[in-house]
Amino acid sequence: MKTSSKEKALWLLEQLVPGTGVNNLGLGLQVSGRLRPDALRAALAIVAGRFEVLRTVYRTAGADLVKEVVPAGEFAVEIEPLDLSGGSLEGDLTAFADRPFRFDGRPLVRVGFATHPDGDVLCVAVHHLVFDMVSVGLFLQAFIPVYDAVAAGRPVPAQATVPAPALAEPEPRPADLAYWREVLEGFQPGGLDLWCGTPRGRQPKLAGESASRALSAGAQQAVVQLQRAVRAPLGAVMLAAYAALLASHGAGPDLVVGSPVNVRGANTAAIGYHVNVVPIRIRVDLAEGFRALARQARDAFLGAMAHADTPVDELTGELAGIGTSWQTQLFRHLFNFLPQAPAVELSVDGMAARVLTVENPHSKFDLELVGSPSRAEVVFRYSETLARADVEAMLDRFDALLVAAAQDPDRPLGETAGWSDADRRITGRAHGTAAPTAHPTVLAAFRSWVARTPAAPAVIDGERTVSYRQLDATAAAVRALLADAGVRAGDTVAVAAPRGEAIAAVLGVWRAGAVCLPLDPGHDPSWLTRQLTHARVKAVLTGTGVQLPADDDLPPALPLADAPAPGPAAPEEAGEPTAPACLIHTCGEAGQPVATVLSHAGIADTVGHFAAELGVGPGSGVPALAAPATFDALFDVFLALSAGGHCVVVPDAARTDAAALRSAAGRHDVTVAVVPPGTPARILADLADQLPGLTVLADGDELSAGTAGRLLAAGCRLHCGYGTPQTTGWALSGRLDDPDEPPRGRPVANTRAYVAAPDGRELPIGLRGELRLAGTGLALSDPDDPAFPTDPRYGRHHRTGELARRRPDGTVEWLGRMDRQVATGDGPVDLGHVEAVLLGHPGVTAAAALAVPQPGGGDTVVAFAETPMPTPTSTDADAAADGPAAPGVPGQVVRLAELPRTPDGRPDRDALLAIARKALDQGTDQQDQAADDALVRDLVEIWGQLLTVEATAQTDFFASGGHSLLAAVLAQKIEELTGTSLELGEVFKHPTPTALAARLRA
Amino acid sequence: MPNENAWSVITAPPSKSLILGIDFPAAGRREAGFEDLAGKMGAAWAGHGFLQTTPPPVRLADRPAGDYYTDFWLRDGAWDEYEVVAVLGYCVGGVYAGEIAERLAQRQGKAPKVILFDAQVTDLQLLESEIHKMIGLAGPVFSADEAEHARKRAAEIVGTPSIGLIEAAVDIVDLYREMASIAFQRIGLSDSRRDEVVRLFESYMTWLSAASQIDPSRAWGGSLSITSSDYAELERSGAATVVNATKVLGRRIELEIGHVDLLRDDSTVRALLDSAEF
């Protein structure tokens, strides 16, 4: 007999998780005394003989499933001993029921029996193909009277032997099919994933668990009110709330939720698989209220019920993008809200009996709401794609959603849906970052230390130590120089000077109330010219040995050496804390400078925060590791100078060369080190004996677990931070104690961080979304800059483009840039993670990973490792490729002595992309070269004579129709051609013309 | 490393963990082999070394017992330094795979996983089918009468009452030599080429017949089997070499791909990633 689409769908699903009982149902019964095995056997034979469906067996036939009914006389179900040695009775029954059935003509019913001190136990496991939840009760109704009669020696009641043919399901009705087609038109199942749990991979995860909660009194009352207020039955209210919950967690908003419907119709006593899971499509608009959603849910629900007799599986293969695989299921969420069968007192053979729960340990759906009108409890059954904490939080949010909906059924759902009291409490606490600032500006903080510890070292530059007083005097001289040059508050002044000199210059600029533009004198002159022009710079302070491009249109250069000797100080401009303090340029796509403007207050807040977090104070040395012309370079310096510590100027080489760093650090009490983004934190590991007690701040995205582990093991205190170029360096930070923990932290003082959905709605605990930042550290921007929108709650804020989620402890975990998450054939890859692993390897001074689109769709990852010091063995980068977990392995790692860079010093991604494409093509080039070889050409000709396919240099003889007899002919022909006698084995080992040519030459 | 004469290295061990592939790999064949599979598994198995059996230099006339092969593979070599985590068998190689896994389980105290690909047991019909295969491959080289004669003779051999597998294999190899002589002479190939081909065939027949002396049912019960559509077809048609194997197989994953591609198809890789952890 043929099987229906609905039966095949169950079978196909089972192929995804072979060897499990994913489709099995179990029924347990415990009596208060003893059951008789002989009577059980006889009663089962009678019941099985009566119900044709229980005697139906299935067989796989290639890609098809067929079934047949075994005649009553030939059908036997053995009663197996039930193993009750496990931890719990429920667990034992589950294990019994979960054993897979085979589709090889054997029964799909299994019966186990065991004696038990509390009373004997019977367990019946049945495959869903011949059974469903309703069948459980029907089976008991049929079985118990027969057993009672057999056990008592009475004749079996006549009605218990009336044959019950299997109930044939109706043929698919065209009207139903048309309805389903219309309802599902254009639906894409790809949008059904939630933003919590693990991202869906290729491998199905069907292990299931349940979590439940009693509805609060408020929610129970809300459900009653809502039925009246929105004129929808209880089921529709619950369905709408479920849909709103799913949508607020990222599914949809075009949602299809499955709902099981009993399709027995008038045949209420039919045992079998007579449930259809109908797809209910709901388009959730979170801008609308609950009332509108509930009406939509009600209509969709009723429509689905009216067409439930034709299973939607009939359309399998017809709906675009929807299939039976784990990734393409039509729905991933189930709504199972059914009236509960009334509990009846059972008795078997005069003994009291109770039905035992036999859980199926799988969940075919990501989430299933199980409830009943008569119970004030909601159960969420979930697959292991979700964590228990996620699901428990969702239960609380479901309760809260009902309460909020009843309070105002027309309030936009987006304002409340998806939030529980716990979510509000935790995020509210996490937002408490407001902190009074000790000094409104960095300049004020520095001057306070000039007053308190004038003789303390401020800058140590090689052999030269500059005290706070001396530095302040030089800054005053710079201020005088600027005043003489006509610089006024608000003007922009560029600083192009070696690090040691630049510090006083920046302080001087700020004393003039001007805005500082740090330049890197080592950058390309044309870039420097563009910077000076673009920023309308008033003057350039130049340090020792710095030559600027000669151009009459450029602002005047003011050599720092010309600063007048300390004398009567020029008046100091009291800069507003909110005023611009510095301007940082990055290189735009067309090579133009793109400016980021940071305020005094932002810098003061960030620097002040980290001085406290990292423990910087008098006596602390902070090495200036960051490249000039970056904000990080200012951060290093003022982290020390705003807290009474000293800045240790290290040579450029110290950023990549451990010896140089060690020498500088060892001599000058370096206690805190900030690893700027793009610099491998690994170099710190070479500080060896200087590491114990060193406090390190590093970019959490760039710090590999290996390097973190080594630094921690060496006795470092490790903090990881998150920052974007549009903020004052670092916006989040936290102590890292476990190298394998993902980076996470809390916002710095006077900064607030939240995680938002694409529509800007803040997301609760555990949901992945975009990290957004608000507070004083943000760059100043144009009002219409899309990277800095305004939110009613957070005001002006920055969209970072970073994927993040808030954890239950209130910290924010950052998960990599959203535009750097690449889908490859091996699964998702975070390019940032690949770079971090490469940077963790010795010899690698910079790394860049990028996605190269492939002709057939999808991307492959190519990573670049900058290794300026070629080592004889040169396997570092190759070893680096082994570092990341399997999906992170780049398709290719390319070693370069120097990465191509844009004028501002960042890796040039366009140039890298060109190199990457070339690297990927190289394999093909080599093959083409082989074809030019004369011997290979002759061999290709012989291949062509013997095979029926067109041969190339790479044609495998045996994969193209060759066999041992033909190989003998081949060997003989080659002998005639070359005079070399080849053994057949050689042909087998070298089956292509190219390979065999190489063998012949060897 | 284990005995280098007995094993060829597909992937050098990066650790102390080994996967063994049991196959008759020397025959130039269209069927994908474990090298193809290792390539396809890529990073997933990169942590393990992957070795493949080399058949021992034994003649049919030596009448090797089943454990001759497993002894050859398992003697000598630094087995103690390695842990074999999985033993893979292709076709009749599965019979030996089971035996090897059981012996290693005793030695290393931990049973390797057994993974079988289209596991078959040897029977007389399997030997007979090799003659049919040869006639099919030689195509028009044989006249219809010659082909018919060969088929009939092969049927006679395996139909001989109470003939043993080894005796039958000896007779089948003789028949093969007889037919190859005709073919090689006709297409102008030397006798030494013929002898090479016959030796290869004999070696394969020896491999098949020795396997018939091993009972794989215990080892196969706990195995994972991956089978092709051709295999399912043979099973449906009642071919004993497959049907007798399926009776004792443990967990089985049936794939919709041909036997020749079983060790190179993406669906096999998926099945292994999903179901075979070690």
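Which residue in strand 24 of chain A does A:Val459 stand opposite? The legends below begin with that pair, and they describe a predicted model.

**Figure 1. A sheet of four strands in chain A.** The residue facing A:Val459 is A:Cys647, in strand 24 of chain A. To find the pair, look for strand 15 (residues 457-461) and strand 24 (residues 646-649) of chain A, which run parallel and are joined by three bridges. As a reminder, strands of a sheet pair through backbone hydrogen bonds, either parallel or antiparallel. Here the sheet is open, its strands follow the order 16-15-24-23, and the pairing is mixed. Strand 16 (464-467) and strand 23 (621-624) of chain A are at the edges with a single partner strand each, so each has one side without a neighbour in the sheet. From one strand to the next, the twist averages 20°.

**Figure 2. Helix 23 packed with helix 24 in chain A.** A pair of packed helices is described by the angle between their axes and the distance between the axes. For helix 23 (residues 934-946) and helix 24 of chain A, that angle is about 145° and the axes are 11 Å apart. Their crossing is right-handed. From helix 23 of chain A, A:Asp938, A:Ile942 and A:Leu946 take part; the residues they meet in helix 24 of chain A include A:Val969, A:Leu970 and A:Ile974. Sorted by class, this contact has seven nonpolar, no polar and two charged residues.

**Figure 3. A closer look at A:Leu966, in helix 24 of chain A.** Is A:Leu966 buried or partly exposed? A:Leu966 counts as partly exposed, because it has 18 C-beta neighbours inside 10 Å, while a buried residue needs 20 or more.

**Figure 4. Where chain A touches chain B.** Each partner brings 24 residues to this contact. On the side of chain A, the elements that give two or more residues are helix 24 (964-978) and helix 25 (984-989). Helix 24 of chain A supplies the largest share of that side, with seven residues. By class, the side of chain A has 15 nonpolar, eight polar and one charged residues.

**Figure 5. Inside the largest nonpolar core.** This core has 223 residues, and the ones that touch the most other members are A:Ala243, A:Ala244, A:Val493 and A:Val495. Helix 7 (residues 234-248) of chain A gives the core its largest share, twelve residues. Zoom in on A:Val493 and you will find that it touches residues including A:Leu482, A:Val509, A:Cys516 and A:Leu541, leaving aside those up to four places away in sequence. Another core, of 101 residues, lies apart from it; among its members are A:Trp943, B:Ile10, B:Val197 and B:Ala232.

**Figure 6. The two chains as a whole.** Chain A contains 26 helices and 40 strands, and 48% of its 1002 residues count as buried. Chain B contains eleven helices and seven strands, and 44% of its 278 residues count as buried. Among contacts with a separation of 6 or more, residues 24 or more positions apart account for 68% in chain A and for 82% in chain B.

Conventions. Residues numbered from 1 in each chain as written. Chains lettered and ligands numbered in written order. Predicted model: local features only at pLDDT ≥ 70, side-chain atom pairs only at ≥ 80, totals over all residues. Pairing = 2+ DSSP bridges. Axes fitted to C-alpha atoms, helices over the stretch in contact; angles between N-to-C directions. Contact = placed C-beta atoms within 7 Å. Nonpolar A, V, L, I, M, F, W, Y, C, P; charged D, E, K, R; others polar. Buried ≥ 20, exposed ≤ 12 C-beta atoms within 10 Å, placed from the backbone. Left-handed = near helix turned anticlockwise from the far one by under 90°. Core = buried A, V, L, I, M, F, W, Y, C linked by C-beta atoms within 7 Å.
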